[in-house]
Amino acid sequence: MEKRLVRLKVNGEERDVAVSPNETLAEVLRERLELTGTKMGCGEGACGTCTVLLDGKPVRSCLTLAVEVQDKEIVTIEGLSEGAELHPVQKAFIEHGAIQCGFCSPGMILTGKALLDENPQPTEEEVRRAISGVVCRCTGYAKIVEAILAASDST
Amino acid sequence: MTEHELVGRRVVRIDSLAKATGEARYTADLTLPRMLHAKVLRSPHAHARILHIDTIKAEKLRGVKAVVTGKDATGVKWGVFSYTRDHELLPANKVRYIGEDVAAVAAEDEETALGALELIEVEYEVLPAVFDPLEAMKEGAPQIHDHAENNVNIHVPIEVGDVDRAFEEAYYVREDRFVDTEYTYCQTEPYAVLASYDSAGNLEIWTPNASPHTKAKALSNLLEKPLSKVKVRRVFTGGAFGGRSDIFPGEFITALLSMKARRPVKMVYTREESFTSVRQAHSMVVDSKIGVTKDGRLLASEIKLVLDGGAYSSTGPIATSVPFLVWEETYRLPNARFNGYRVYTNKPVRGMYRCHGRAFHGGLGMQLDMIAEELGIDPLEMQLKNALKAGETQATGSRITSCGLSEALEAAAERSGWKEKRGKLPYGKGIGMGANGMMVGFPMGIRGGSAAIIKFNEDGGATLISGVVDNGQGNESMVVQIAADVLGLRMEDINLVSADSEVTPLDQGAYSQAATFVSGNAARAAAMDAKEQILDIASDMLDATPAQLDIKDGKVFVKERPEWNVWLGKVIRKALIDNTPVVGRGSYMPQVDQSRDWVSNPQGQHAGTFSFGAAVAEVEVDTETGQVRVTNVTGAHDCGFAINPMAVEGQLEGSVASGGVGATLLEEHVWDGGQMLNANMLEYKVPLSVDMPQIVPIIVETIDPEGPFGAKEAGLWGSMNMFQAIGNAVYDAVGVWIKEFPITPDKVLRALEEKERGS
């Protein structure tokens with residue numbers, strides 16, 4: 001398939017990439033930009049592991065075509081911390097033991113961040129609803145919910 | 001509260017920073033220069049002879065660098081035991097399930113590899129197939145392996161006491177059948193392999209795994225290469241739950257492709273392939289007969305278990321035995337007869353999943369409640385009467401050295417308000433209880449132990465070298481926490497090199513619940529050995545005897561006068577100058593009966609120690625839809641000693657999801673013959689955050705005499721006792737026993753209708 005040159009704004013940097021029209025954002029991030037912090041758990045939009053932020057909203061990068069998102073701000077897990085300073089959601093996940101195998105953590109953390117940007121004082125129910133699109137098989141979600149609440153203004 | 005500096009405290013795990021920032025690299029994230037991408041051609045038939053494979057067109061496709069079929073394999077079959085070697089990982093002549101590996105391609109990119117698969121022509125002779133284990137055992141059923149008559153793969157018979165007489169003497173006897181469909185691990189990380197072979201014959205492998213040493217040994221056998229040339233490297237692993245323990249075709253095939261192409265090859269499975277072509281849990285039929293005394297004591301237990309093993313043995317003898325062993329590890333069984341059959345069918349291969357069997361643990365646990373009901377005994381009483389205690393010996397001869405089962409039962413009952421709720425909640429709401437006991441470190445021959453080494457840098461920091469494997473549980477952090485505590489260092493002062501079959505000493509891996517008990521003990525011993533050396537050297541420097549010294553905050557000091565101290569770095573430097581460099585060595589092998597065998601000799605000490613637990617679940621049953629919702633879980637786990645209570649809680653909470661809401665209510669595979677119909681995460685339902693109950697985790701500490709600081713294990717709790725707890729709660733809510741797992745709405749509605757018709 002013929003490739004097209006697209007300009008993507010990822011983690012605040014403009015990157016020019018030649019992509020096929022059928023290439024997903026997840027593939028471009030992982031394979032061309034080497035941003036492997038974005039994980040692929042199913043490739044069919046069911047598990048939420050590949051979640052990245054698109055203009056601040058969580059999206060499944062495995063269901064998003066790279067050619068569609070040229071004018072948008074893309075944030076991956078690698079772009080969340082500012083230098084050595086971790087984002088409060090990252091810190092809370094670490095301190096509250098919300099990370100076990102870690103495979104869902106990037107998608108989970110970005111989803112938590114997007115929620116708190118929109119709703120700085122969520123209830124537990126709102127946190128559970130917000131992360132219900134990301135599958136975790138290790139934690140039973142208890143400490144993930146606890147971490148997001150701890151990073152919010154609710155506590 | 002702990003008297004230790006580090007162990008027993010809620011510490012941040014050493015691996016969490018890399019995982020929170022996206023720096024942690026899993027197998028699919030890895031790339032090597034000149035790396036190729038691989039794909040497998042899979043069988044569309046459940047049972048067929050391979051007559052001919054033509055790969056010429058595929059080989060000629062631009063970008064294709066290697067194609068392999070069964071002809072490229074050595075013909076050596078894989079089996080966990082010498083008597084279960086039945087699996088050609090790339091079969092030359094016959095396929096036995098839909099999704100089995102037939103040929104594979106390595107190409108410049110995945111798209112080319114996929115295109116090449118379409119050019120491979122395979123001529124099959126389709127054979128009759130069988131998909132139900134009870135059918136497969138009948139005369140005249142299609143025979144799947146030439147060596148296995150009636151398709152019986154494994155038969156484990158266990159007989160203890162005088163069972164027939166005990167049934168005659170029993171006051172009350174009941175028999176029930178419990179059934180379980182297949183379910184699966186569904187780890188968030190799909191299966192993947194990276195293999196790299198060089199001209200000197202070194203093969204390096206990265207793959208999510210529970211034991212690099214086991215993988216390396218198996219691959220060295222299968223590829224007929226010296227073990228020193230096969231190097232399985234450490235890589236972050238996205239969950240295991242038993243599903244990364246065995247040896248899979250993927251790693252063998254990727255290695256073959258790399259050897260043939262002389263380039264690194266990466267193969268990443270789709271989610272569908274991860275479901276069908278790695279491992280899944282056994283389905284089973286359990287016929288259980290229990291006899292009790294008038295006051296509810298277990299007198300006799302007779303069980304026939306038929307497991308659907310799928311096409312190959314995998315960990316068959318273990319899978320066939322473990323359900324019974326877990327039963328005898330929980331309750332006092334003076335007379336018991338067990339016949340476990342693992343049967344071949346033309347379905348994907350079944351492997352280790354937690355402790356094997358919703359129908360088994362859930363069923364027998366419900367049977368205890370049924371008996372309690374008949375005899376008018378409170379289920380908690382029934383549990384307490386039959387629960388094993390420290391000092392007792394289990395049916396097949398394992399002595400229990402520490403046991404908090406009764407304590408866990410009472411704690412879970414009290415915190416959940418059991419007495420106020422059981423039998424007293426309004427119709428539609430219910431509360432139920434479950435219990436479990438679990439082996440920690442079982443006989444695995446030379447592979448059952450662990451060793452560790454600790455060396456020091458001249459700045460006082462250290463590197464711990466351990467075979468410990470972390471699939472997400474926190475095992476890496478656990479050994480560092482232990483070593484740092486012993487050495488009076490901060491966790492960040494110790495680097496860990498782990499899970500590398502070439503570099504690290506042999507270790508059993510994240511298997512048989514042994515990481516804390518065995519690898520933790522080895523790390524502790526290595527740290528204690530190093531400490532002894534350090535104190536010896538420092539005693540000259542501080543003019544004191546080693547016994548008068550200790551280490552804290554990186555300083556060796558005189559206990560009576562802490563202001564007399566010397567920086568650890570200085571001690572290390574002195575040791576180097578004196579040609580006595582500090583290198584700590586430690587090892588541990590659980591005290592088990594090594595002559596015990598799963599099939600031929602199921603007698604003797606089976607594990608180093610045993611963990612215990614109890615759970616209380618509260619449910620709401622919607623009688624219109626049949627939907628069961630778990631609202632609260634109170635869980636108490638005797639982990640011996642919680643090295644990191646935050647990690648122990650995490651294990652417990654996780655098993656409420658996987659064993660409780662997931663396995664008990666949601667998860668099952670649906671089939672059309674040998675074709676799995678829901679090999680995707682949209683239709684294979686796993687619990688989401690909104691499905692989860694409120695969880696109260698309770699840690700029970702019994703300080704095991706052998707465990708490191710008294711610790712046993714923390715992982716296997718709810719994945720055994722939640723089935724019973726929820727099943728019993730459903731009965732308490734609406735008065736029906738659901739004897740088929742998972743407890744889905746259709747089964748609840750059917751049972752309610754039958755109950756209505758019956759009354």
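Select domain 1 and domain 2 of chain B: 16 residues of domain 1 are in contact with 14 residues of domain 2, where contact denotes C-beta atoms, placed from the backbone, within 7 Å of each other. On the side of domain 1 of chain B that touches domain 2 of chain B, the residues comprise five nonpolar, seven polar and four charged. Here Ala, Val, Leu, Ile, Met, Phe, Trp, Tyr, Cys and Pro count as nonpolar, Asp, Glu, Lys and Arg as charged, and the others, Gly among them, as polar.

The model is predicted: local features need pLDDT of at least 70, side-chain atom pairs count only at pLDDT 80 or more, and totals for chains, interfaces and linings use all residues. Residues are numbered from 1 along each chain as its sequence is written, while chains are lettered from A and ligands numbered from 1 in the order in which they are written.

Next, select B:N579, in the loop between helix 16 (568-577) and strand 23 (583-588) of chain B. Helices (H or I, at least four residues) and strands (E, at least two) are DSSP runs, numbered from the N terminus. Although B:N579 is not a glycine, its phi is positive, near 60 degrees.

Finally, select B:P742, in the loop between strand 29 (740-741) and helix 19 (745-758) of chain B. The peptide bond from B:F741 to B:P742 is cis, with omega near -5 degrees.

Methods:
Two residues are in contact if their C-beta atoms, placed from the backbone, lie within 7 Å.
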